[in-house]
Amino acid sequence: MGTLILVGCMMKNLNDTNTRKKSEHYVNNKMFFEALVEYKAKVIDAKKKEELRPQPSTYLGSCIMKIATHLSHKPNFTNYTFKEEMISDGIENSLQYIDNFNPAKSQNPFAYFTQIIYYAF
């Protein structure tokens with residue numbers, strides 16, 4: 001059991017200071033990359049069969065949405081009154097350029113879409 005110290009009105013467990021919860025990222029880059037590679041394969045198959053381009057999965061959409069939303073909370077954009085429009089422009093640009101992501105060049109789709117969304121803002 002940890003040692004307890006009474007300081008004023010607060011009690012503090014000395015062992016709790018060393019056990020911090022590991023922070024989790026809001027977008028898992030590995031899963032995002034795998035979903036994007038899977039989507040790219042579907043797009044290539046659709047082009048070969050001369051079909052319409054498939055829709056991105058719900059997971060891809062939620063990742064792009066999370067990136068845009070979290071990026072809008074940066075100090076650069078705090079006093080902007082049109083944040084919803086910025087977020088929707090970033091999502092629109094991301095979906096417009098989703099096919100340009102090349103998994104052979106980069107395995108970091110988070111950075112790719114963050115840059116697209118940042119320049120849309």
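The questions below concern how terms are applied to this predicted model. Local features need pLDDT of at least 70 and side-chain atom pairs count only at pLDDT 80 or more, while totals for chains, interfaces and linings use all residues. Residues are numbered from 1 along each chain as its sequence is written, and side-chain values use heavy atoms, with hydrogens and water left out.

Q: Why is Thr114 called buried?
A: Buried means under 20% relative accessible area, exposed over 50%, and partly exposed in between (1.4 Å probe, protein chains only). Thr114 has 18% relative accessibility, so it counts as buried.

Q: Which residues does Thr114 touch, not counting residues up to four places away in sequence?
A: Thr114 touches Ile67 and Leu71, a contact being heavy atoms within 4.5 Å. Thr114 itself lies in helix 4 (residues 109–120).

Q: Why does Asp89 count as partly exposed?
A: Its relative accessibility is 36%, and partly exposed is the class between buried and exposed. Asp89 lies in helix 3 (residues 83–96).

Q: What makes a negative surface patch of Glu84, Glu85, Asp89 and Glu92?
A: Patches take residues with over 30% relative accessible area and no salt bridge, and like charges are joined within 9 Å. A salt bridge is a side-chain nitrogen of Lys or Arg within 4 Å of a carboxyl oxygen of Asp or Glu. Asp and Glu count as negative, and Glu84, Glu85, Asp89 and Glu92 form such a patch.

Q: How many helices and strands does the protein have?
A: There are four helices and two strands, taken as DSSP runs (helices H or I, at least four residues; strands E, at least two). From the N terminus on, they run β-β-α-α-α-α.

How values were computed:
Patch = residues over 30% accessible without salt bridge, like charges linked within 9 Å, V, L, I, M, F, W, Y side chains within 5 Å. Areas by Shrake-Rupley, 256 points an atom, 1.4 Å probe, with all protein chains shown as cover. Charge placed at Lys NZ, Arg CZ, Asp CG, Glu CD.
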